[in-house]
Amino acid sequence: MGISADLDIKAVFFDQGGVVMRERIPLPDNGKANLLKIMEMTGLKEDCRSLMDRLLAGEEEYKKWGMDSLIECPAARVWPEWILPDVPEEILSPVAEELTLLYFEAKGKRTADSNIRNVLTSLKERGYITGLISNTWSKPLVYDEIRENKLEGMFDRIVLSSEEGIRKPDKTIFLKGLRGLDIRPENAVYIGDQPNRDIQGPRDAGYALSIILRTKKLTQKQMEKPEHKPDLIIESLTDLLEIFPDKK
């Protein structure tokens, strides 16, 4: 499963959700305590299931807007405009980041792919730069997940849409991943799990390869359009160790 000898890959970038972080593990109370805390902070009084349905629907509307605009808004704007528009902005904005963490945790704790630490360690030992480029409207969430899963120091570069204000598949966020690394786009690859946002962006940025990690949600239909067709599909992150040889 090696790559063409004509390619000189120096940097391997990963997506966070679905690649570095995989399955969500439900909280023992299915997020009830988090939802009650959200209600306490916002002044809402309703059934927890009803609130979660509203939060999920609001997030979905925001995601649709984000895919059309390729803009990532701060949590302080997302909550009053999309998530809970019936709650005054002056209540939501000051606590928006805390609300975001409570909400995402209520959906379940994401756990790291069982192979990610070994893969990252091996790639770094082989001489590759490793990085992470991810869409998220929470600034602390990704860093919290990295810390909780003991992956600190495993990425040489972390680029988040919440910090840049732009979302995948905009090629700009992939170019920002290369800032200060003295690496050209044709020397980089990206591994994602969503063909509609993880293929065309790195390709437009000039990356050598756009790779998709197969998940339970991946369908052939998602890859029908030319701009959504990956250069490679891998079944496990360990496949990367067959693709990228020792550079030393």
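Author: In this structure, a cluster is formed by ring pairs that link Tyr-62, Trp-65, Trp-79, Trp-82, Tyr-103, Phe-104 and Trp-137. The model is predicted: local features need pLDDT of at least 70 and side-chain atom pairs count only at pLDDT 80 or more, while totals for chains, interfaces and linings use all residues. Residues are numbered from 1 along each chain as its sequence is written, and side-chain values use heavy atoms, with hydrogens and water left out.

Reader: What makes two rings pair?

Author: Rings of Phe, Tyr and Trp (its six-membered ring) pair if their centres lie within 6.5 Å; planes under 30 degrees apart count as stacked, over 60 as edge-to-face and the rest as tilted. By this rule there are 13 aromatic pairs. The ring centres of Phe-14 and Phe-155 are 6.5 Å apart with planes at 65°, so this pair is edge-to-face.

Reader: Are Phe-14 and Phe-155 buried or exposed?

Author: Buried means under 20% relative accessible area, exposed over 50%, partly exposed in between (1.4 Å probe, protein chains only). Both Phe-14 and Phe-155 are buried. Tyr-62 and Trp-137 have ring centres 6.0 Å apart and planes at 75°, so they too are edge-to-face. Both Tyr-62 and Trp-137 are buried.

Reader: Which residues have the most contacts inside the largest nonpolar core?

Author: A nonpolar core is a set of buried Ala, Val, Leu, Ile, Met, Phe, Trp, Tyr and Cys residues joined through side-chain atoms within 4.5 Å. The largest has 30 residues, and those with the most contacts inside it are Val-12, Phe-14, Ile-191, Leu-237, Leu-240 and Phe-244. Another core, of 27 residues, lies apart from it and includes Cys-48, Trp-79, Trp-82 and Ile-83.
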